[in-house]
Amino acid sequence: MATKPFSFLLLLCISFLTKSKAEHVAALYAFGDSDLDNGNNNQKPTLAKANYLPYGIDYPEGATGRFNNGFTIADYLAEFLDICQPTAFMGQMATAGKRPRGYDYASASAGILPETGTVVGPNLNLTEQVRLFRKTVETILPQRLKTPEAISRHLSSSVFLVSIGSNDYSINYLLPQSSNSSRLYDPDQFAELLVNQLGNHLQEMYRLGGRNFVVFEIGPIGCLPTTVALQIIDGTKTQCVEKQNDLVSIFNAKLAPKINHLTSSLQNSTFVLVKTFDLVLGLVENPSHYGLKIQEIRVVLLAIELELAFRIKDRARTETAMCFGTELTTPTL
């Protein structure tokens, strides 16, 4: 049975497809971080990978590199649209097959900014993800589609899913021991920087042929169990850390007019902005409304989480895991 948040996403996509008057969705192309990563980090020398148990315990192929127990949002959306799940671009099957299919370029720990997440190892930042999409358009799709017109039709009837930005805060701006972003920019300037760069990347995807975009807000990173655990250690008992939520709210407030501008300025484009922040915040503040118990929301607040908090402060070596829709770090024990 689909949860209410997922049902909301499906209704959103139905609305999106109705607006774009798409009779058939050709493929799904995904860009982002661990929310959408389906194995691109598996062969990278990074701590941000999930190709081991218990990840994938409910996925038919087991642990594939997806940062959850089963499907990603991209997988669910592909299933709903009755198209193939996008292939991890860095995976072994990326160039297999004769029919064109979508690709997943998302990379755990990645951000909009190139330096984001590199504290745990290399990743495919958004600039690199768009570069790989350009390679797809220029070298891979021509091997499967005979004419430039066929490539254009394929791309214009595909859906582009973009979920990125949380790491630019959680493992960049809010990690002053590893990044100087918070010393270079005040919160408003940093949000402006991120939104402008994201907008530039979306325009480049459009230039390369994309027309239908689903873009996600940043969720309430102040409600992450690790964030809350740090506050508990510091003597403050709280459900969410409002300071961190306020930071990403600045980004989200700037993202909405940017998306509206792109919609009005890019001919024949359709952009849907998913209001992730309020959706996830509702899960935390009122879990029973979604058929959940508070214990299920906070289940990862275990002793290992508290140990994690101490090790973060000491800048100890960490191993990336997944919790509640974004990356968090857990200690290597």
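Where is the place of T136? T136 sits in helix α3, which spans residues 126–144.

## The model and the chain

This is a predicted model, in which local features need pLDDT of at least 70, side-chain atom pairs count only at pLDDT 80 or more, and totals for chains, interfaces and linings use all residues. Residues are numbered from 1 along each chain as its sequence is written, and side-chain values use heavy atoms, with hydrogens and water left out.

The chain has 12 helices and eight strands. Helices (H or I, at least four residues) and strands (E, at least two) are DSSP runs, numbered from the N terminus. Of the 333 residues in the chain, 54% are buried. Buried means under 20% relative accessible area, exposed means over 50%, and partly exposed lies in between (1.4 Å probe, protein chains only).

The chain exposes about 15400 Å². Carbon and sulfur atoms supply 54% of that area. Accessible areas come from the Shrake-Rupley method with a 1.4 Å probe; for residues, only the protein chains shown count as cover. Now take contacts between residues at least 6 apart in sequence: 70% of them join residues at least 24 apart. Contact means heavy atoms within 4.5 Å.

T136 has 0% relative accessibility, so T136 counts as buried. Leaving out residues up to four places away in sequence, T136 touches Y29, F89, Y103, Y105, L141 and P142. T136 and G102 are 34 residues apart in sequence, yet 9.7 Å apart in space, C-alpha to C-alpha.

E128 is also found in helix α3. E128 counts as partly exposed because its relative accessibility is 24%. From E128 to A106 there are 22 residues in sequence and 9.9 Å in space, C-alpha to C-alpha.

## α3 against α4

Helix α3 packs on helix α4 (residues 148–156) at about 135 degrees, with the axes 10 Å apart. That angle makes α3 oblique to α4. Axes are lines fitted to C-alpha atoms, for helices over the stretch in contact, and angles run from 0 to 180 degrees between N-to-C directions. Under 35 degrees counts as roughly parallel, over 145 as roughly antiparallel, 65 to 115 as roughly perpendicular, and the rest as oblique.

The crossing of α3 and α4 is right-handed. A crossing is right-handed if the near helix is turned clockwise from the far one by less than a right angle, and left-handed if anticlockwise. F133, V137, L141 and P142 of α3 meet I151, H154 and L155 of α4. By class, the contact has six nonpolar, one polar and no charged residues. Ala, Val, Leu, Ile, Met, Phe, Trp, Tyr, Cys and Pro count as nonpolar, Asp, Glu, Lys and Arg as charged, and the others, Gly among them, as polar.

## α5 against α7

Helix α5 (residues 166–173) and helix α7 (residues 187–207) cross at roughly 135 degrees, and their axes come within 11 Å. So α5 is oblique to α7. Their crossing is right-handed. From α5 come D168, Y169 and Y173; from α7 come P187, F190, A191 and L194. These contact residues divide into six nonpolar, no polar and one charged.

## Backbone exceptions

Most residues other than glycine have a negative phi, and most peptide bonds are trans. The bond from L53 to P54 is cis, with omega near 15 degrees. P54 lies in the loop between β1 (28–32) and α2 (73–81).

D82 has a positive phi, near 60 degrees. D82 lies in the loop between α2 and β2 (87–88). At 67% relative accessibility, D82 counts as exposed. N268 has a positive phi near 60 degrees too. N268 is in the loop between α9 (242–265) and β6 (270–274). At 64% relative accessibility, N268 counts as exposed.
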